[in-house]
Amino acid sequence: MIKVRLNRQTFQYDIHSLVRAFYPREEVRVDCSGAPDLSQETLRRETPTSGQTGESLAAAKEEQEDALFELDICVTPLTQDSGDRNFRSRIAIRLFCHSSEIMHLEGECRETERTETKNEIKRLLYQLLSAYSGRTLPWGDLTGIRPTKIPMALLRQGRSDDEIAEYMQSTYYTSPEKSTLAIEIANRELALLRKLRSDNSAPDLPEGYSLYIGIPFCPSICLYCSFSSSPLDKWQDQVDYYLDALCHEIESVAAMLPHRHPDAVYIGGGTPTTLSPEQMERLLLKLEEHFDVNGALEFTVEAGRPDSISREKLQVLKRHGVTRISINPQTMNQETLDFIGRRHTTEQTREAFYLARELGFDNINMDLIVGLPGEGVPEVERTMREISAMDPESITVHSLAVKRAARLRLFSEEHQELSFENSSEIMDMAASYAKNSGLFPYYLYRQKNMAGNFENVGYAKKGCEGLYNILIMEEVQSIIALGAGAATKLKRPGNRIERIENVKDIKNYIERIDEMIARKKKGLYER
């Protein structure tokens with residue numbers, strides 16, 4: 001366990017994320033009730049006694065002894081005039097083991113600039129933890145999910161690639177390799193985003209929009225999953241009722257966007273191909289009736305699980321103009337598939353892929369996860385070798401992030417013996433296989449609690465990049481999202497994003513669909 005005390009709750013998330021990045025196996029407890037004034041010249045921190053009984057003091061001492069170490073982080077004003085733009089504060093961070101100070105760093109920042117304060121805290125904390133642990137992190141002190149936003153902004157300012165690389169490495173301590181990756185992807189994203197429509201007919205959505213449709217059913221729930229998905233066998237008799245509500249939402253929201261055309265359409269989940277051919281036909285007909293889906297730059301359906309794909313379903317997708325599908329094996333090691341609850345075989349993956357090829361699909365993505373339990377270099381290389389042999393147009397390589405809701409986290413004691421490690425060797429090997437297949441990185445994002453502090457990267461052949469993936473990550477336009485658990489993101493003036501979320505529970509979504517529609521109407525018409 002690692003204990004952190006700080007006197008600014010505002011920065012709790014970033015501090016927690018950075019400490020966990022260095023010590024992913026440790027529980028990190030952050031106490032925002034206040035840290036001592038670390039500007040004082042004290043080299044020891046005594047156990048507080050005020051108001052504590054002998055029993056509580058003993059418990060506090062035992063907790064201290066159980067901690068790997070403790071951190072005190074304090075932001076202290078240096079002047080009194082908070083209205084002064086140059087109003088400055090001192091940031092002090094101290095690391096203790098069993099109440100004895102081991103390390104201490106201080107810095108200053110402009111208190112009126114929240115971002116500057118946050119970045120200075122992270123810089124100091126990174127320096128301290130790096131020195132204490134003897135480690136560096138691939139992404140330095142960056143804790144956000146969109147590291148490409150930094151080079152994107154600088155490229156728009158006219159900065160050169162070399163200038164941006166130097167800035168990222170000196171400011172955020174990113175490695176040369178990750179700096180180069182982020183800059184390469186940012187350049188490619190900027191070129192792809194030039195395809196977007198320039199439509200100013202509706203002031204609420206000046207940069208156009210894209211459309212997301214969520215199907216929250218899966219054949220089974222994978223052991224690591226934390227998405228809004230439900231097992232089909234439990235909800236089989238509710239699927240048509242769900243489609244009733246979804247079609248009502250499609251029709252109602254389309255009426256709010258007259259004469260507007262989505263840039264990209266993405267049907268995800270869950271697993272959309274848990275729908276029967278007849279149900280999929282019904283959904284696509286309703287979409288075509290109310291949205292110009294066939295006029296979109298991209299129309300993706302995440303076919304997902306190979307065991308949910310059939311000839312009839314693929315024929316429905318092809319007939320309705322779907323341009324891009326995703327067939328997701330996650331791994332080509334059968335033992336891993338069995339353990340994580342995928343309930344399909346590697347042979348089914350190959351069969352689904354070649355069936356899609358036979359039916360004329362020429363833009364197929366395949367999702368993989370590295371860092372799965374028990375998988376090291378040999379297992380990941382086997383997956384990359386088999387996927388490369390199929391020659392998909394794009395591969396998305398995910399670093400496993402075991403989120404709070406996933407069963408691997410809920411039953412962590414049961415799976416203590418498992419390894420969830422990732423490494424530079426594995427990530428570099430995946431990138432090498434992609435490059436040798438003619439695929440280049442085009443989008444990237446990160447998640448909290450990601451194995452090895454790495455990233456998710458999409459690789460694609462030229463002209464086969466997933467535009468929606470870039471749009472959802474870079475937040476350059478509004479995303480209108482329909483279905484249970486779907487989150488609409490409206491882009492407002494000043495690059496502000498307003499979220500309008502549908503309820504996740506399927507039963508609630510069906511019963512409260514008019515409320516979901518009213519939320520969107522309010523968001524679209526009332527600013």
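This is a predicted model: local features need pLDDT of at least 70, side-chain atom pairs count only at pLDDT 80 or more; totals for chains, interfaces and linings use all residues.

Residues are numbered from 1 along each chain as its sequence is written, and side-chain values use heavy atoms, with hydrogens and water left out.

Start with helix 1, residues 12-22. Helices (H or I, at least four residues) and strands (E, at least two) are DSSP runs, numbered from the N terminus. Nine of the eleven residues of helix 1 are buried, so the helix is largely enclosed by the rest of the structure. Buried means under 20% relative accessible area, exposed over 50%, partly exposed in between (1.4 Å probe, protein chains only). The buried residues include Asp14, His16 and Arg20.

Now the backbone. Most residues other than glycine have a negative phi, and most peptide bonds are trans. Histidine 98 has a positive phi of about 50°. It sits in the loop between strand 4 (88-97) and strand 5 (100-110). Histidine 98 is partly exposed, at 48% relative accessible area. Tyrosine 173 also has a positive phi, about 65°. Its loop joins helix 5 (161-172) and helix 6 (176-193). Tyrosine 173 is partly exposed too, at 25% relative accessibility.

The peptide bond from glycine 269 to glycine 270 is cis, with omega near 20°. Glycine 270 belongs to the loop between strand 9 (264-269) and helix 9 (277-290).
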